[in-house]
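Open your viewer and get ready to select as you read. Each stop tells you what to pick and what is there.

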Amino acid sequence: MLKYILKRIMLMIPAILATSFIIYFAMDMTGSDPATALAPDNATEEQIEQLREELGLNDPIFVRYGKYMMGMMKGDLGTSYVTKRDVFETFMTRLPNTIQLAFTAVFVATLIAVPLGIYTAIHQNTWKDTGGMVFALFGVSMPNFWLGMILIIIFSLNLKWFPSGAKGGPESLVLPAVTVGLGFAALITRTTRSAMLDVIRQDYMTTARAKGTGERDVIFKHGLRNALIPIITVIGMQLSNALTGSVLAETVFSWPGVGRLIVDSIAKRDTPMVTGAIIMSCVLMCVVNLAVDLIYAFFDPRIKAQYSQKG
Amino acid sequence: MKRITSVLLCATMIFSLAACSGGKTGDKGSTAAPAAAAGTEAGASQTTSPDSIPAHKEELIIGAAAAVNNLDLQKQADQINNICLKLTHQALFRLDEENNRIPCLALSADWIDDTTIEIKLRSDACFSDGTPLTAEDVKFTFDMAIDSPISGNLTGLEGVDVIDDTTVHMQMKSYSNDFLMSLTFIPFGIQSKAAYESGMEKPYLIGSGQYVLEDWVDGEFISFIKSENYWGEDVGISDQITFRPYLEASSRVIALQNGEIDVCIDPPINELQYLEEDKNITVHEQPGTRLFYFGFNCEKEPWNNQTLRQAVACAIDRNSVIQAAVYGKGTPQTTVLNRGLWGFYDDMDGFDYDVDRAKQLMAEAGYPDGGISTTLIIANSSPYTMIAQVIQANLKEIGIQVEIKTLEDATLKSTCVEGQHDLFLWRWNETIRPDCVYRDLFNTGVASNYHHFSDAKVDELTDKVLMDREEAQRQADSKELQTYLVEASPQVPLYIANLVIAYHNDLKMPFFRGGGDHEWYNAYIAK
Amino acid sequence: MVNAKSRSMGQETFRRLLKNKGAVCGMVFLVLLVLISIAAGFVYNYDTDIIAINMSQALQPPNANHWFGTDALGRDIFARMLYGARYSLIIGVGSVAIGLVIGVTLGAIAGFYGGFVDQMIMRTVDVFYSIPNIMIAVVIVSLLGTSTMNLLIALCFTCATSFTRIARASVMTIRDQEFVEAAYEIGLPTWKIILKHILPNCLSPIIVQVTLLIGTTIIAASSLSFLGIGVPLPAPEWGAMLSEGRQHIRDAAYMCIIPGLAIMFTVLALNLLGDGLRDALDPKMKR
């Protein structure tokens, strides 16, 4: 088992290297000169040139990438061109905000979606099923920044129940989490429903009923347990998506998270920040994916055996 | 069932860990150790008696439109940084309400000859750590400034000599009318030589102002508390001043209405109605200083054709632009100088909105049927997108097809510097030095001359305006320069946006600055 | 032989699809949308109706003259909405089409040849998969500049990775089957085997994915326009209209609601259609 975990961690490394390579070169190819952008409006040519020297921009690209890689090995992701602060530090300051948002969103989503999915699976082909599926469909079809705006209009401007942006106390987390979570809820509902449907039709369910087990126990002990794998897959996927993909919700609600950090840094051509933040996000996603896989093993002894052998 | 419970427990633990981990990892300000007064001249802080400080709310919270990104005075140029730096640092001089230069850390400045300025300093000023502020610190600060990225604001300064503890001589390359105004610029706030030499981590945090940095969480807030060692009588009143960035203008407004903040900077004009309805909030408007302009790349075909540029100037409907960009809260103008600057002259004939004249000029320029296809680059934010669309429609009327390209600020600047653009929209905010408009925008070869405009007469007149000793002559030259530039039309000046700011009724603030760089150290919420 | 089979399979699928009411609604909506976007070009004159500025009429709520109201520059929102359909459709279909060609090609090659080629392709795909598609799109658009074409390129990456995986999986299941071996025996060249025998049998998951991906891409395009790096001004793309509307979320909320509804219904229709196709194409579906 331990071997498997180590192997997965080893596999992360080439992926991260490749990602950093691509992003670094892409940012560099933008053709616009960071020094010109960073220098004050009335800087002279010599000052811009001096800034370029300071930032090491006159070295050929491979040299620069090499230096960056050396730094990365030591854990130093460089300093932001714009704020002059350590990239790693800035990322870690913003990360808790995104984690809060992501976890709450997925939590909310799971709380709504799993029961809904089970419910619609049990009552398949009735109007309750259709209702649930329509809700799920709407959730997947809405652009989530639009949902955020609508929620602001209703709950923040009109009802004044929640603040409309920026990070404050727990009530400022509600609207952003619902915005991000509702889209996930839709996907998780659909997966739960189809997983439960698959399971309900299995023979062992009939056997359990024949043995006289109560309906509730049948559904939960036997049905849900076995349906959990695809459900957990999807929850895990949503979690890693949430961690980096909630840019839009962060924009609409001015939530100081990692996604927004990356997009803003791309806009400012802040190469070290962009590369560093994207690398950190990839690491995070890999870790989350690994964690999800380990939870599988927890639930399915067959998979556990598989992992232990593989290593 | 057990497994599910344990998984849920894990999830709850992780979740609560994440929720609690939103901790502060920002900078902590240097805690000012109350220093033993080194001699009677050191700045022992004036203990103001309890009754001379009016009753006030402890914390003044200001909702800003941008986040502070750098407090190292000489390595940054953003207004939000400078607003904070005005709390913690002081320059040699400062400006009064009418933008006259008045003493601050320096008592006087005189040109004792054509290349030397003698500056007399206060003897009782001190830094927030209690150490006295002397001529050595002034020399140190300016020596550092000459080599800094913002040295463009000190052109002409060659060196600073310490004559005695309260006198310095600044050696200049030549006489300049504007240089003394540069000494009010807060990035040239006096810093502590001792702090830099002590090897401490952020020596630039030590200043002589009324406040010191308390805490800074990037993207969330930055707070300042009163300095225990402030040397002057004009102590700050609010115990704590906090700036919170709300990048979304609407959420800033809502925060003001909810009482989360006391001041809302730059409320969006279309939401002012909600603020005006609110009995607890005051909306304040005054003429601003930021000029928005439409520029040509005068080196590129066909925009090197002056008559063509004049034709475009006649085709632009400034009133529609103002309506679209700031809902009418702005002042149009013809001249290139920012309103309020010395020598501002807007009475020349110039090019007003006149489509017929525009068409006539097009014909004169060699384009009787129009037929020009061109690109307009703009920054990706609110007034520019609106202005661009209005101008696009205006130019269509005279046969010019404009394609709008939105770029990020960084790319816009570099594209303009490299000269690959045709047309662009930008703004310039200058409150005290006309030379910085003429030279930085219109002189040959200057990097910020995005127009790539080059005219020997303009260069010559710019120098004259900078160096004329005689007032009448200077006025005449200034008028001539502006008239000439309007005629040459390297840009079409559009409008000056009004300063709009909204705040709680009980805010007491001596005055606001049209350019947005207010001094918050005097502000407080009365109780 | 093959032709006759696929015709009847196509007809059979269509018949089953028609039984699904949701899918039918989706199809009808989409057909209407395509018709509207074509018709809008004829009914409205781009210059006078869509982008002309009319400051006197700015920010009017929906009324008899302007069914959906006007925006901050006085432009009629109803006209802009109808005209804007074409951007979403073109970008959605275009991206997916490009992604389809690239993705299926790569996936088929990877699945068919396996081994080193497979590993190379799949690891590259994994790298792109691990970066969220919004980031990829933002980086690409920042590099190349904002234009409709660049937006298409930026968005086709996600589509391509998706199709690569599906194509590879399908190809791998099929390539070991007997009829492929038989084709080899006869001496058909590899590309012909892939094109004529393997791919037609992978069609169902690909078709379903196409409809679903068009929906996702439309949302992604409007997200990018919302962030300000999508279709260039003053084009009436729905996401761009939402971005403008955001500044007026208090005083002109209709500007925020209407374009979002349009996006939602379009994607909803595509999802309904996609789900219906998936059900119709799935031989295991019990009725």
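How many salt bridges does the rule find across the interface of chain C and chain A? It finds one. Keep in mind that you are looking at a predicted model.

**Stop 1: the salt bridge**

Select A:Arg190 and C:Asp275. Their side chains form a salt bridge, with N to O at 3.0 Å. Five residue pairs are also in polar contact across the interface of chain C and chain A, with both partners at pLDDT 80 or more.

**Stop 2: the side of chain C that touches chain A**

Now select the helices of chain C. Which helix gives the most? Pick α11(C): it supplies 13 residues. Colour this side of chain C by residue type. You will get 24 nonpolar, six polar and five charged residues.

**Stop 3: the whole interface**

Show chain C and chain A together. Here 35 residues of chain C are in contact with 37 residues of chain A. The two chains bury about 3,200 Å² between them. Carbon and sulfur atoms carry 81% of that area. Next, select C:Met135, C:Leu143 and C:Met264. In chain C, these three lose the most area to chain A. Together they make up 18% of what that side buries.

**Stop 4: confidence in chain A**

Colour chain A by pLDDT. The mean is 78, and 89% of the residues of chain A reach 70 or more. Which element of chain A has the lowest mean pLDDT, and which the highest? Helix α14 (residues 301-310) is lowest, at 65. Helix α5 (residues 87-122) of chain A is highest, at 86.

**Stop 5: a helix in chain B**

Move to chain B and select helix α8 (residues 306-315). Is this helix largely enclosed or open? Eight of its 10 residues are buried, so the rest of the structure largely encloses α8 of chain B. Among the buried ones are B:Leu308, B:Val312 and B:Cys314. B:Arg309 and B:Gln310 are buried too.

**Stop 6: one last residue**

Select B:Glu471, which sits in helix α15 (residues 471-488) of chain B. Its relative accessibility is 48%, so B:Glu471 counts as partly exposed. B:Glu471 and B:Ile83 are 388 residues apart in sequence. In space, they are 33 Å apart, C-alpha to C-alpha.

Key:
Residues are numbered from 1 along each chain as its sequence is written. Chains are lettered from A and ligands numbered from 1 in the order in which they are written. Side-chain values use heavy atoms; hydrogens and water are left out. Contact means heavy atoms within 4.5 Å. Buried area is the accessible area (1.4 Å probe) that two parts lose on being put together, summed over both. A salt bridge is a side-chain nitrogen of Lys or Arg within 4 Å of a carboxyl oxygen of Asp or Glu. A polar contact is a pair of N or O atoms within 3.5 Å; within protein, one must be able to donate a hydrogen and the other to accept it, and residues adjacent in sequence count only if both atoms are side-chain atoms. Helices (H or I, at least four residues) and strands (E, at least two) are DSSP runs, numbered from the N terminus. Ala, Val, Leu, Ile, Met, Phe, Trp, Tyr, Cys and Pro count as nonpolar, Asp, Glu, Lys and Arg as charged, and the others, Gly among them, as polar. pLDDT is the predictor's confidence in each residue, from 0 to 100. Buried means under 20% relative accessible area, exposed over 50%, partly exposed in between (1.4 Å probe, protein chains only).
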